[in-house]
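Colleague: I have a model open and would like to go through part of it. Can we start at the beginning of a helix?

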Amino acid sequence: MASEDCRVYHERQKLQFCLLHALNNLFQENDAFTRANLNAIAENLVLNEPNKEPWTPLSFVFKPHHNTVTGNYDINVLISALEEKGKSVVWHDRRNGASSIDLDGPEDTHKLMGIVLNVSVRRFGGIWKSRHWIALRKINGLWYNLDSDLPSPRPFKDTDEVRKFLDYEIGHDGEILLVMNDGN
């Protein structure tokens, strides 16, 4: 779906496909990844695991790296998907806070493509706690929160606001993953 700002691509949340939406929002492209792509990546990860879990009747739905019905992909799928696109992932050391992240480089030559967060969320009136993937990306000189739970992309007014948002998420059990261009 296009947002009100036609320059910014934004997919909305469906089931537990937040990683799929975060990746498409990060790449600013419909079908940069599809369910089939991510499912294949997850299945390939299982084939290459040295310590395979024994098969049970629930194994058809609940796979080691995702749920075949609802999504719910894990970090291994994220890293493999990004590597397929020539990107690398750097896990941000939360002890350093967001001030150590270089958010100010030019988009076309900057090593930092964007940021993916994994945050704790509560749903259904707070009774169900889970994790949620969110993408942040600088587009046309402005950083955007591309969270698929938002009705549209939310621009940050400046990099200080981005850092405050990231520090808040770090303080609330969020994980920050820096998506780097050119394998750097």
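Modeller: This is a predicted model. At the start of α4, the backbone nitrogen of D160 has a side-chain oxygen of D158 within 3.2 Å.

Colleague: How many residues does α4 have, and how far does it reach?

Modeller: Helix α4 covers residues 159–171, which is 13 residues. From its first C-alpha to its last it reaches 18 Å, close to the 18 Å expected at 1.5 Å a residue.

Colleague: Which residues of α4 are buried?

Modeller: The buried ones are T159, V162, R163, F165, L166, E169 and I170. Viewed down the axis of α4, these buried residues fall within an arc of 160 degrees, so they line one face of the helix.

Colleague: Why do residues three or four places apart point the same way in an α-helix?

Modeller: Because an α-helix has 3.6 residues a turn.

Colleague: And which exposed residues are on the face of α4 turned away from the buried side?

Modeller: That face carries K164 and G171.

Colleague: New topic. Where is W133, and is it buried or exposed?

Modeller: W133 is in strand β3, residues 128–139. W133 counts as buried because its relative accessibility is 7%, and the cut-off for buried is under 20%.

Colleague: What is W133 in contact with, leaving aside neighbours within four places in sequence?

Modeller: Its contacts include C18, L19, A22, Y73, V116 and L177.

Colleague: And how far apart are the C-alpha atoms of W133 and E175?

Modeller: They are separated by 9.6 Å, with the two residues 42 apart along the chain.

Definitions and conventions:
Residues numbered from 1 in each chain as written. Predicted model: local features only at pLDDT ≥ 70, side-chain atom pairs only at ≥ 80, totals over all residues. Heavy atoms only, no water. Helix = DSSP H or I, 4+ residues; strand = E, 2+ residues; numbered from the N terminus. Expected span 1.5 Å × (residues − 1). Buried < 20%, exposed > 50% of the residue type's maximum accessible area, 1.4 Å probe, protein only. Arc of directions from axis to C-beta. Polar contact = N/O pair within 3.5 Å; in protein donor to acceptor, adjacent residues only side chain to side chain. Contact = heavy atoms within 4.5 Å.
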